[in-house]
Amino acid sequence: MGRLFVIDLEGLVYSCKHCQTHFAVTNDIISKSFHCKHGRAYLFDNVVNVTVGEKEHRVMLTGWHTVADIFCVSCGSLVGWKYEIAYDKSQKYKEGKFIIERFKVLGPDGGGYDMNHDEPMTGSDEE
C-alpha cells in the first residue's frame, strides 16, 4: 500500500466523525435541504479526501439517478454519494455534485449531528 495523501482544508470544515479527515468547507455547500436514511444531508459542490465507489442506478424521491457512494480516504467510512447522472431535466444541477450525510460527519464546530427519526422526510433524495 502506498503513502496516503490527505488534503487539510482551512476555515470552517466538515470532517469524518471517525478520524477527523477534512471533507469540505462551508463555502462549498449548495443546499442543506436534502435528507437521507439517517436524517439531514448537504449537497456540496466540491469535496476532498474521499474515494468514489462503483456507479449504480438508484431510484430516489426525485427520480432515477446514477450515483457512486463516497468513502473517507483515511478510514474507509461511507459518508455519502456523488451524483454522476440525473435523468430528469430538473435534476441535472446535481450532476458532479456530492451529498454528505450530516450524521456521518463532524460539523465546523467539531460537533456531531444526532439522527432524528421524527424528522419529516419531505424533500428527501434518498430512496
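**Figure 1. The largest nonpolar core of the predicted model.** This core comprises 15 residues, of which Y14, F23, F44, V47, V50, I70 and I100 touch the most other members. At least two residues of the core are supplied by each of β1, β2, β4 (39-44), β6 and β8 (98-101). Another core, of 9 residues, lies apart from the largest one, and F34, A41, L43 and V67 are among its members.

**Figure 2. The hairpin of β1 and β2.** Strand β1 covers residues 13-16 and strand β2 residues 22-25; the two pair in the antiparallel sense over 3 bridges. Within this pairing, Y14 has A24 of β2 as its bridge partner. Y14 also belongs to the largest nonpolar core, where it is listed with the residues that touch the most other members. Between the two strands of the hairpin there are 5 residues, and Q20, located in the turn, has a positive phi of about 65°.

**Figure 3. The pairing of β1 with β9.** Strand β1 is also joined to strand β9, which consists of residues 105-106. The two strands run antiparallel and are connected by 2 bridges. S15 has L106 of β9 as its bridge partner.

**Figure 4. The surroundings of S77.** S77 is placed in the loop that connects β6 (63-72) and β7 (78-86). The relative accessibility of S77 is 17%, and this residue therefore counts as buried, the cut-off being under 20%. When neighbours within four places in sequence are set aside, S77 is in contact with H18, I70, F71 and C72. One of these contact partners, I70, is also a member of the largest nonpolar core and is listed there with the residues that touch the most other members.

**Figure 5. The protein as a whole, given as context for the close-up views.** The predicted model contains 9 strands and 0 helices, so that its elements, read from the N terminus on, follow the order β-β-β-β-β-β-β-β-β. The protein has 127 residues, 43% of which count as buried. Where contacts link residues at least 6 apart in sequence, 48% of them join residues at least 24 apart. The accessible surface comes to about 7100 Å², and carbon and sulfur atoms account for 51% of this area.

Technical notes
Residues are numbered from 1 along each chain as its sequence is written. This is a predicted model: local features need pLDDT of at least 70, side-chain atom pairs count only at pLDDT 80 or more; totals for chains, interfaces and linings use all residues. Side-chain values use heavy atoms; hydrogens and water are left out. Helices (H or I, at least four residues) and strands (E, at least two) are DSSP runs, numbered from the N terminus. Buried means under 20% relative accessible area, exposed over 50%, partly exposed in between (1.4 Å probe, protein chains only). Contact means heavy atoms within 4.5 Å. Two strands pair if DSSP finds at least two bridges between them. A nonpolar core is a set of buried Ala, Val, Leu, Ile, Met, Phe, Trp, Tyr and Cys residues joined through side-chain atoms within 4.5 Å. Accessible areas come from the Shrake-Rupley method with a 1.4 Å probe; for residues, only the protein chains shown count as cover.
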